[in-house]
Amino acid sequence: MPINSIQAQKFKRCCLRWTLFTLGMAVLSSAFSLWRDWITTDPLDVPITLSQAQIIDESVEIRAPDYTQLIIRFTGLNRQTLNTLAAFDKAHVLPPVTVQWKLLTPDGVVIDQGDAHTGKVDGWASDFVDHELGTIHYPQPTGHYRFQAQVVSPDPAYSQINAHLMLDAHAKSASDWRFELLFFAMYAQVLVIWPLGVLSGIFMIYNAVAWWRFRG
């Protein structure tokens, strides 16, 4: 067998191996990204109008037991409104709005319920402010439920403010092992999987070019 043919076969085998390895890294990274998006999607995230009476009735899927914090997130705020909603001891805060809520089984059995009002700041950033309404308890760490809420003391002061009612998890204090795995896996994806994928792609291209040259 001519030397060129032997070399061509050698580079062909190397190219195929590196191709499979590159595809493996791509599949592993994509699978993790899909799982990350699935586990970190808030079970409840619906618009809520605080300037008028409103009833919310939503089906929710609890995917991890850390989704226990019921919050209202105010978004699309100008600087003045953001500072007002994030105020702690200042006198000029927007008036509190009371929200009644219930967590039920799919067939309507009440599991947990409570009354809460806006005003308790849970967190803020440059473009949103979170007000905590309370902590929800459910018997199983995962599962399907119904969530109902009613705005019982609306206030026109909120008519120009966008708000979302959300069921959130505090990732920094998470107790579920999947959130801990998520933390380490994100570093592994950036520091290990992506560099290996790029490196194997370079080797794949190199061997593919060499294979093509020796074929001629």
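Tryptophan 35 is partly exposed, with a relative accessible area of 24%; partly exposed is the range between buried, under 20% relative accessible area, and exposed, over 50%, using a 1.4 Å probe and protein chains only. This is a predicted model, in which local features need pLDDT of at least 70, side-chain atom pairs count only at pLDDT 80 or more, and totals for chains, interfaces and linings use all residues. Residues are numbered from 1 along each chain as its sequence is written, and side-chain values use heavy atoms, with hydrogens and water left out.

**Aromatic rings**

- The structure holds six aromatic pairs, where rings of Phe, Tyr and Trp (its six-membered ring) pair if their centres lie within 6.5 Å; planes under 30 degrees apart count as stacked, over 60 as edge-to-face and the rest as tilted.
- Phenylalanine 32 and tryptophan 35 make one of these pairs, and it is tilted because the planes stand at 40°, with the ring centres 6.2 Å apart.
- Both residues belong to helix 1 (residues 3–40), and being three residues apart there puts about one helical turn between them. Helices (H or I, at least four residues) and strands (E, at least two) are DSSP runs, numbered from the N terminus.
- Phenylalanine 32 counts as buried, at 11% relative accessibility.
- How are the rings of phenylalanine 74 and tyrosine 158 arranged? Their planes are at 25° and their centres 6.0 Å apart, so this pair is stacked.
- That pair links distant parts of the chain: phenylalanine 74 is in strand 3 (residues 69–75), while tyrosine 158 is in the loop between strand 8 (143–151) and strand 9 (162–168), 84 residues apart.
- Phenylalanine 74 is buried at 0% relative accessibility, and tyrosine 158 is buried at 3%.
- Trp18, Phe21 and Phe203 are joined into a cluster by ring pairs.
- Arginine 73 has its charged end over the ring of phenylalanine 128, 4.2 Å from the ring centre. For a charge to sit over a ring, NZ of Lys or CZ of Arg must be within 6 Å of the ring centre and within 35 degrees of the ring normal.

- Four strands form an open sheet in the order 2-8-4-5, with antiparallel pairing; two strands pair if DSSP finds at least two bridges between them.
- Strand 2 (54–62) and strand 5 (110–117) are the edge strands, each pairing on one side only.
- On average, neighbouring strands here are turned by 15° against each other, direction ignored. Axes are lines fitted to C-alpha atoms, for helices over the stretch in contact, and angles run from 0 to 180 degrees between N-to-C directions.
- Strand 4 (residues 98–104) pairs with strand 8 in the antiparallel sense over six bridges, and valine 99 has valine 151 of strand 8 as its bridge partner.
- Strand 4 also runs antiparallel to strand 5, joined by seven bridges; here tryptophan 101 has glycine 114 of strand 5 as its bridge partner.
- Strands 4 and 5 form a hairpin with five residues between them, and glycine 108 in the turn has a positive phi of about 100°.

- Four bridges connect strand 1 and strand 9 in the antiparallel sense, and leucine 44 stands opposite leucine 167 in strand 9.

**Nonpolar core**

- The largest nonpolar core has 40 residues, and those with the most contacts inside it are Leu50, Leu70, Ile72, Phe74, Phe147 and Leu165. Such a core is a set of buried Ala, Val, Leu, Ile, Met, Phe, Trp, Tyr and Cys residues joined through side-chain atoms within 4.5 Å.
- Strand 8 gives the largest share of this core, four residues.
- Leaving aside neighbours within four places in sequence, phenylalanine 147 has contacts that include Leu44, Ile56, Val60, Leu70, Trp101 and Leu165, with contact meaning heavy atoms within 4.5 Å.

**Helices and distances**

- Leucine 20 lies in helix 1 and is exposed, with a relative accessible area of 61%.
- From leucine 20 to serine 200, the C-alpha to C-alpha distance is 9.3 Å, although they are 180 residues apart in sequence.
- Phenylalanine 214, in helix 3 (residues 177–215), counts as partly exposed at 30% relative accessibility.
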